[in-house]
Amino acid sequence: MLTTGSKWFFGVAGAALLAALVYGGATNPSEVKMATFTGVLTLGYKGGVGDHIGYAILMGIAGAAVFLGASLAAFRDADVEAEAALLPVDTVPEVTAPPQGSYWPVIGAFGAGALVVGIVTSSALVMLGIVVLVAVAFEWAISAWSDRATNDPAVNQAVRRRVMMPFEVPILGALGIAVFVLAISRVLLTVPQLGVYFIFGGVALAVLVVAFVLSARPRLNPSVVAALCVVGALAVLAGGVVSAVVGPREIEHEPEGEAEDEDQQGAPLLSPDAPVVLTGAPS
């Protein structure tokens with residue numbers, strides 16, 4: 001009998017496998033014939049496959065989902081009878097519905113909107129929408145599983161943190177650094193040259209002051225720290241967006257022809273047919 005978690009992962013595996021077959025055949029530049037179907041069904045052994053990278057990623061997702069689904073089915077995840085037998089009790093507590101709503105549908109709607117708008121405007125928005133939708137699907141699934149792990153919300157939250165923190169902290173940290181560097185670079189390219197000096201020094205000074213305050217007041221209210229971080233992140237992000245819309249300032253470049261002429265001003269002009277005379281050579 002399949003458990004609840006295994007059904008979800010088997011569904012993901014089926015969707016990823018179908019997407020891989022369609023994508024591998026649709027990106028194949030040759031004419032559609034029997035080799036097209038046999039190629040995507042045999043991993044390219046009996047025919048051609050279009051985009052190998054996308055096809056391999058989708059097939060990898062399908063394989064990972066099958067492994068996770070089989071693991072959950074084998075360990076009887078969320079099976080009341082199995083849990084009662086493992087805990088040596090007659091019945092296990094009934095799992096209640098989560099007391100709070102989920103904010104992942106809102107973020108998923110943003111990703112779907114970016115995907116739809118990007119189809120008619122920019123490929124970058126398409127990639128952003130796909131990344132957001134994949135992240136939302138994964139996070140939403142983990143939250144739905146952890147919210148129903150036990151009857152204690154605090155234990156459920158601890159279970160989710162233990163599973164997701166090793167992934168969320170490095171990924172969000174790298175993403176935050178990338179967005180910060182990109183936004184600051186857009187601002188530095190837009191403001192006048194004098195403002196570049198003030199912003200470059202002001203950002204470093206602000207980071208130093210905040211780090212000093214946090215180290216001097218380790219028991220500072222976490223809500224205050226979170227509010228300061230959110231305000232600073234929004235300020236940097238807004239500055240980067242506005243700077244990207246305004247565009248970079250005009251930067252004067254020295255013409256290449258003039259620089260080459262200046263380098264050659266001191267050298268005498270010689271004809272291509274002029275004889276070459278070696279001085280100081282032995283006679």
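I began with the order of elements: from the N terminus on, the chain runs α-α-α-α-α-α-α-α-α-α. I am reading a predicted model. The tally for the chain is ten helices and zero strands.

**Whole chain**

I looked up burial next. The chain has 283 residues, and 18% of them count as buried. I also looked up how far apart in sequence the contacting residues lie. Taking contacts between residues at least 6 apart in sequence, I found that 55% join residues at least 24 apart.

**Salt bridges**

How many salt bridges does the structure hold? I found two. As a reminder to myself, side chains of opposite charge can pair when their charged atoms come close.

I looked up the pair Glu139 and Arg160. Their side chains form a salt bridge, with 2.5 Å from N to O. Glu139 sits in helix H6 (residues 123–147) and Arg160 in helix H7, so the pair links distant parts of the chain, 21 residues apart.

Are these two residues buried or exposed? The cut-off for buried is under 20% relative accessible area. Glu139 has a relative accessible area of 12%, so I noted Glu139 as buried. Arg160 is also listed at 12% relative accessibility and therefore counts as buried.

I then looked up Glu168. Glu168 forms a salt bridge with Arg160, and the closest N and O atoms are 3.0 Å apart. Both Glu168 and Arg160 are buried. Through shared partners, the salt bridges join Glu139, Arg160 and Glu168 into one network.

**H7 against H9**

I turned to the packing of two helices. Helix H7 covers residues 153–190 and helix H9 covers residues 222–246. They pack at an angle of about 45°, and their axes are 8 Å apart. H7 and H9 are therefore oblique to each other. I noted the crossing of H7 past H9 as left-handed.

Which residues meet here? On the H7 side I listed Val179, Phe180, Ala183, Ile184, Arg186, Val187 and Thr190. On the H9 side I listed Val236, Leu237, Gly239, Gly240, Ser243, Ala244 and Val246. Sorted by class, the contact of H7 with H9 has nine nonpolar, four polar and one charged residues.

**Thr36**

I picked Thr36, which lies in helix H2 (residues 34–41). Its relative accessibility is 7%, so Thr36 counts as buried. Which residues is Thr36 in contact with, leaving aside its neighbours within four places in sequence? I found Gly25, Asn28, Glu31 and Gly48.

**Ile107**

Leaving aside neighbours within four places in sequence, I found Ile107 in contact with Val132 and Val136. I also looked up the spacing from Ile107 to Leu133. The two residues are 26 apart along the chain, and their C-alpha atoms are separated by 8.2 Å.

Conventions. Residues are numbered from 1 along each chain as its sequence is written. This is a predicted model: local features need pLDDT of at least 70, side-chain atom pairs count only at pLDDT 80 or more; totals for chains, interfaces and linings use all residues. Side-chain values use heavy atoms; hydrogens and water are left out. Axes are lines fitted to C-alpha atoms, for helices over the stretch in contact, and angles run from 0 to 180 degrees between N-to-C directions. Helices (H or I, at least four residues) and strands (E, at least two) are DSSP runs, numbered from the N terminus. Angles under 35 degrees count as roughly parallel, over 145 as roughly antiparallel, 65 to 115 as roughly perpendicular and the rest as oblique. A crossing is left-handed if the near helix is turned anticlockwise from the far one by less than a right angle, and right-handed if clockwise. Contact means heavy atoms within 4.5 Å. Ala, Val, Leu, Ile, Met, Phe, Trp, Tyr, Cys and Pro count as nonpolar, Asp, Glu, Lys and Arg as charged, and the others, Gly among them, as polar. A salt bridge is a side-chain nitrogen of Lys or Arg within 4 Å of a carboxyl oxygen of Asp or Glu. Buried means under 20% relative accessible area, exposed over 50%, partly exposed in between (1.4 Å probe, protein chains only).
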